[in-house]
Amino acid sequence: MTSSCRRPEHSAPPEVYYNEAEAKKYSQNSRMIEIQTQMSERAVELLNLPEGQPCFLLDVGCGSGLSGDYLSEEGHYWVGVDISTAMLDVALDREVEGDLLVGDMGEGMPFRAGTFDGCVSISALQWLCNADKRSHSPPKRLYTFFSTLYSSLSRGARAVFQLYPENSEQLELITTQAMRAGFGGGMVVDYPNSSKAKKFFLCLFAGVTGALPKGLGAETSDRAVSNQVQYSGQRCRFKNMKGKSVKKGRDWVFEKKERRRRQGREVRADTKYTARQRKPHF
């Protein structure tokens, strides 16, 4: 991963870069449409949604609705958020089936808790690593985004971000803020030994941590393990608690306290009395 002066996020803020001329490319360029569709297909595959069951999904950085088209084809309902009004105008002209919302992901997701069954994002997350205004702090904006996204997802849901990281420091910044917000998961790298086909997908788990999916093409490499950076946290305590009310258990209390610590909040120290069930008073 090396820096390039041709990266779009180095040219202008997203709401400026994706103007009317740039937005039209996403509805007229067959190559762009093909690439967006392929990456959307892979992102949905990594979401691991229930087979044959329509889900309610969030598309962050939805642009002209190309990824949303694939979600609709798969029978899902979706809401798209994007900061570029020009891109959303193209999506409206294309009469996409999802609902569209103008919004800056760095200011957080304005949805009620547990609204979505999953989240996808294609080629958008790396924009948050830039400070386009004096008031912008990339770590704070990333944390605001991830923490509000975590709240808007149902327990056990996944969020999958296809991104173009500029360097390893940028990857670390993104994953650190995601874990600080409470997510488990990590980076999945498809075709790690190919310079052209290599793709990065940040696969995050909300509430229940599962096994991190394998990257495509990784099985042919002896270095497959090193090409997947795992950031799984203590949320795996829940993996054997299917069908139980986790909010009544000792593990749930410890997990909640650990999450608050990662968020930088003050939490009482754990003792042998933590989460002890007390008899009712009469």
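I shall begin with D190, a residue that has its place in strand β6. Please bear in mind throughout that the model is predicted.

Is D190 buried or exposed? Its relative accessible area is 3%, and because the cut-off for buried is under 20%, D190 counts as buried. Its side chain reaches the backbone nitrogen of L216 at 2.8 Å. If we set aside neighbours within four places in sequence, the contacts of D190 are R42, A197, K198, K199, F201, G215 and L216.

Strand β6 also holds V188. This residue is buried as well, with a relative accessibility of 0%. Which residues does V188 touch, not counting those up to four places away in sequence? They are R42, K199, F200, F201, C203, L212, P213, K214 and G215. As for P213, it stands 25 residues from V188 along the chain, yet the two C-alpha atoms are separated by 6.9 Å.

Let me now turn to the strand beside β6. Strands β6 and β7 run antiparallel and are joined by 7 bridges; in one of these pairings, V189 has F200 of β7 as its partner. Strand β7 is also joined to β5, again in an antiparallel arrangement, by 6 bridges.

How many of the residues of β7 are buried? The count is 7 of 7. On one side of the strand we find K199, F201, C203 and F205, while F200, L202 and L204 point the other way, and all of them are buried.

In soluble globular proteins, nonpolar side chains tend to be buried together. In this model, the largest nonpolar core comprises 34 residues, and those with the most contacts inside it are L125, F145, F146, L149 and F161. Several elements each supply at least two residues of this core, including β1 (56-60), β4 (116-122), β5 (153-163), α7 (168-180) and both β6 (184-190) and β7 (199-205). Which element gives the most to the core? That is α6, with 6 residues.

Leaving aside neighbours within four places in sequence, F161 is in contact with C119, S121, L125, F145, F146, L149, F200, F201, L202 and L204. Apart from this core lies another, of 21 residues, among them L46, Y70, W78 and F205.

Helix α6 itself has 15 residues and reaches 21 Å from its first C-alpha to its last, which is close to the 21 Å expected at 1.5 Å a residue. Its buried residues are P138, R141, L142, Y143, F145, F146, S147, L149, Y150 and S152.

**The chain as a whole**

Let me close with the wider view. The protein chain contains 8 helices and 7 strands. Of its 282 residues, 47% count as buried. Among contacts between residues at least 6 apart in sequence, 65% join residues at least 24 apart. Finally, the accessible surface of the chain comes to about 15600 Å², and 48% of that belongs to carbon and sulfur atoms.

Thank you for your attention.

Conventions: Residues are numbered from 1 along each chain as its sequence is written. This is a predicted model: local features need pLDDT of at least 70, side-chain atom pairs count only at pLDDT 80 or more; totals for chains, interfaces and linings use all residues. Side-chain values use heavy atoms; hydrogens and water are left out. A nonpolar core is a set of buried Ala, Val, Leu, Ile, Met, Phe, Trp, Tyr and Cys residues joined through side-chain atoms within 4.5 Å. Buried means under 20% relative accessible area, exposed over 50%, partly exposed in between (1.4 Å probe, protein chains only). Helices (H or I, at least four residues) and strands (E, at least two) are DSSP runs, numbered from the N terminus. Contact means heavy atoms within 4.5 Å. The expected span of a helix is 1.5 Å times one less than its number of residues. A polar contact is a pair of N or O atoms within 3.5 Å; within protein, one must be able to donate a hydrogen and the other to accept it, and residues adjacent in sequence count only if both atoms are side-chain atoms. Accessible areas come from the Shrake-Rupley method with a 1.4 Å probe; for residues, only the protein chains shown count as cover. Two strands pair if DSSP finds at least two bridges between them.
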